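Trainee: I am new to this one. Please show me how to read it.

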Amino acid sequence: MLKIHNLHVKLEEEDKQILNGLSLEVPAGQVHAIMGPNGSGKSTLSYVLSGRDGYVVTEGDATLDGDSLLEMEPEQRAAAGLFLAFQYPVEIPGVGNMTFLRTAVNAQRKARGEDEMSSGEFLKAVREKAKDLQIDAEMLKRPMNVGFSGGEKKRNEILQMAMLAPRMCIMDETDSGLDVDAMRLVSDGVNALRSPDRSFLVITHYQRLLNHIQPDVVHIMSNGRIVKSGGPELALQVEEEGYGDLLAEAG
Amino acid sequence: MNEIAVQTKDVTPQAGAAPARAAEGLQARLDATDLPQGGFTAAARREALDRLRQMGLPAPRDEYWRYTDPRPFNAPVPQPIAIEERAPDSPLFATLDRLTLVFVDGRFDADASDPLALEGIEIATLAQADAAEDHWAAGLYGVLEAAGQRPVARPFAALNTAAARDGVLIRVTGRPTRPVHIMHRRATAEADVVWHHVLRLEPGAELTLLETGMVGARSNGVVEADLARGAKLHHITAKRAGHQKLGLSHIFARVDAEAQLKCFNLSVNGTLMRHEGVIDIVGDDASAHIAAAVLGDGRVGAFHHDDTVFITHGAERGESRQVFKKVLKNGAEGVFQGKILVKPGAQKTDGYQISQALLLDEASQFLAKPELEIYADDVKCSHGSTTGALDEDAMFYLRSRGVPKDRAIVFLVLSFLADALDEIEDEVLRGEISDRLEAWLTRRAAK
Ligand SMILES: Nc1ncnc2c1ncn2[C@@H]1O[C@H](COP(=O)(O)OP(=O)(O)OP(=O)(O)O)[C@@H](O)[C@H]1O
Ligand SMILES: [Mg+2]
């Protein structure tokens with residue numbers, strides 16, 4: 001599904017290298033987690049994969065089912081099935097949550113040559129999924145993320161993810177800011193989406209989320225590279241011991 | 001919004017009094033202008049002409065015309081402009097239950113209009129009424145305009161009072177169930193249109209007045225609105241794409257105790273436009289809101305849009321709000337001059353003013369001159385002005401969901417304009433304007 005090979009990325013505005021030869025592969029149907037100290041480049045990786053401006057790829061490649069992502073516009077990557085749940089979802093006053101979401105769903109369908117969703121179908125689907133995530137109708141009507149609490153914003157990200165049904169889901173610290181119950185709701189939402197042809201890359205600082213969403217592989221990132229990969233037990237080790245020994249051992 | 005510049009100029013406009021300048025240019029302008037004698041308006045017209053001769057036409061160096069070139073308005077006649085093809089949209093508000101009045105090149109077209117009858121209002125056209133010597137509007141025609149000439153001269157408004165042939169005279173005594181909709185149409189390429197409305201809202205009366213369409217190659221409009229105690233006027237104007245080439249308008253409003261004035265203007269294109277709002281709050285607990293959403297695109301030709309507002313608080317606990325938003329691209333220019341004057345004794349005034357521009361490219365520019373002049377100690381007044389580009393984080397967020405770039409820009413422009421549109425109280429009217437805006441933006445997005 002997602003293959004990242006020897007990715008080197010620097011900032012466009014200043015001469016600062018952030019990703020230093022990062023390689024990673026997420027096969028179809030798997031959940032991979034990325035953990036790593038603050039500033040190790042996790043969010044940068046998610047932005048570069050989804051096409052944000054401001055970064056220069058100096059070496060390496062990233063492909064989704066064999067197609068290089070790096071040449072595509074952000075909306076093309078989305079239509080190709082990539083989704084990023086933001087660490088900090090953006091507030092957009094004056095644009096209704098529903099209007100936006102419906103536009104996004106239909107824009108992706110159009111780009112893929114599929115039929116658009118009628119407003120009836122859309123409403124039905126959105127209500128159902130919102131209910132699962134305990135997002136009430138009033139929130140759906142509000143402007144995008146405006147006045148949403150931190151946890152509400154994160155749940156709204158997962159609602160978007162459920163509606164857009166991407167194949168490759170990247171979640172950047174979706175768990176931070178969630179209370180215990182919300183964490184369960186979000187995890188249930190994610191688990192419901194798990195399928196043999198959908199993959200997840202879950203960026204997190206805490207092992208707790210990984211109790212709910214069982215990862216197949218856990219990667220440790222440091223200084224813009226994956227320095228160690230292993231099973232779920234790696235997350236436990238981080239939780240208990242911190243990064244010190246792990247990073248020292250990885251050199 | 002990324003705030004990249006706040007341009008403010010701290011200059012107080014002076015009363016324009018340069019009689020020497022008035023001479024030639026003004027005479028040429030008047031010679032080319034048709035000046036009716038008038039019936040009930042005769043005296044007001046003569047006085048307006050005297051005022052105009054005193055003031056003279058504005059010169060580019062006049063402080064109040066510093067950012068907008070008055071010369072195309074000073075010119076004796078406008079450049080003819082071909083009658084445009086029908087707009088692809090259906091007319092605004094077409095599906096609403098309303099009283100429609102059609103003006104063609106500024107003259108009332110009775111055949112195309114509804115009968116002049118609506119419960120709770122008395123309505124006549126200026127041309128009709130001015131055949132007689134007496135009319136209720138005699139106490140207002142040119143009166144609010146004259147009052148609005150101080151402290152800043154507004155010569156084109158005086159010219160309007162002297163030259164206007166037609167318009168509507170509406171006296172509201174009740175609360176009509178339907179809005180009145182004035183639709184302007186063009187018929188001849190060279191029409192230089194002067195229209196003048198007088199609105200009188202009796203105590204507790206309410207009116208929604210809509211004004212849309214295309215007005216001449218050049219136009220000069222004046223609205224005089226007198227709101228008695230507890231009256232409520234909602235005035236919404238919307239000019240369709242590319243239709244009004246040279247446009248100048250003034251609204252002079254007098255707002256008495258507990259009355260509420262709400263003005264909203266939607267402007268799209270036009271070579272040179274200037275809208276002045278001159279609002280006097282004269283009674284306690286009154287409120288006046290004036291807002292505009294402007295879309296300017298310099299691609300098809302020059303675009304320059306000036307909103308100039310002067311709100312005077314002369315009573316206690318008055319509330320005023322100015323919300324001006326301009327979206328500019330391809331070298332379009334936006335101007336905002338907005339003043340709040342709080343007179344001695346106008347305690348507990350709450351005055352708010354915001355002017356913002358969204359520049360879609362670096363060729364466009366916005367100039368703002370916010371001013372506060374306060375002579376009372378217990379007041380709350382604020383103003384702000386920002387100029388910014390599209391928010392890149394928001395752009396990326398939208399696009400990362402699969403929304404194409406053009407469409408994402410439309411969303412962000414609508415988002416930027418939302419505060420101005422919120423000044424339209426009526427949900428249905430707001431919805432129509434918002435849908436229309438969206439349609440326009442979508443159609444032009446790629447250009
Ligand atoms: N636009 C930028 N300008 C300057 N520095 C940047 C920029 N973007 C990222 N960086 C730097 O790159 C490094 C990686 O940042 P990134 O946000 O990817 O880290 P992260 O692993 O997501 O951290 P966290 O766990 O705190 O979310 C940091 O040192 C950050 O300061
Ligand atoms: Mg991060």
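Trainee: How many salt bridges does the rule find across the interface of chain B and chain A?

Mentor: A salt bridge is a side-chain nitrogen of Lys or Arg within 4 Å of a carboxyl oxygen of Asp or Glu. The rule finds four across this interface. One example is B:Arg399 with A:Glu73, whose closest N and O atoms are 2.6 Å apart. H7(B) gives seven residues to the side of chain B that touches chain A, the largest share.

Trainee: What should I know about the model and its numbering?

Mentor: This is a predicted model: local features need pLDDT of at least 70, side-chain atom pairs count only at pLDDT 80 or more, and totals for chains, interfaces and linings use all residues. Residues are numbered from 1 along each chain as its sequence is written, chains are lettered from A and ligands numbered from 1 in the order written, and side-chain values use heavy atoms, without hydrogens and water.

Trainee: How much area do chain B and chain A bury between them?

Mentor: Interface size is often given as the accessible area lost when the parts come together. Buried area is that loss, taken with a 1.4 Å probe and summed over both parts. Here the two chains bury about 1900 Å², 67% of it on carbon and sulfur atoms. In chain B, B:Phe396, B:Tyr397 and B:Arg401 lose the most area to chain A, together 42% of what that side buries.

Trainee: Which residues coordinate the magnesium ion?

Mentor: Donors are N, O and S atoms within 2.8 Å of the metal (3.2 Å for Na, K and Ca); water is not among the atoms, so sites may look incomplete. A:Ser43 (OG) and A:Gln87 (OE1) coordinate ligand 2, at 2.0 to 2.3 Å.

Notes
Helix = DSSP H or I, 4+ residues; strand = E, 2+ residues; numbered from the N terminus.
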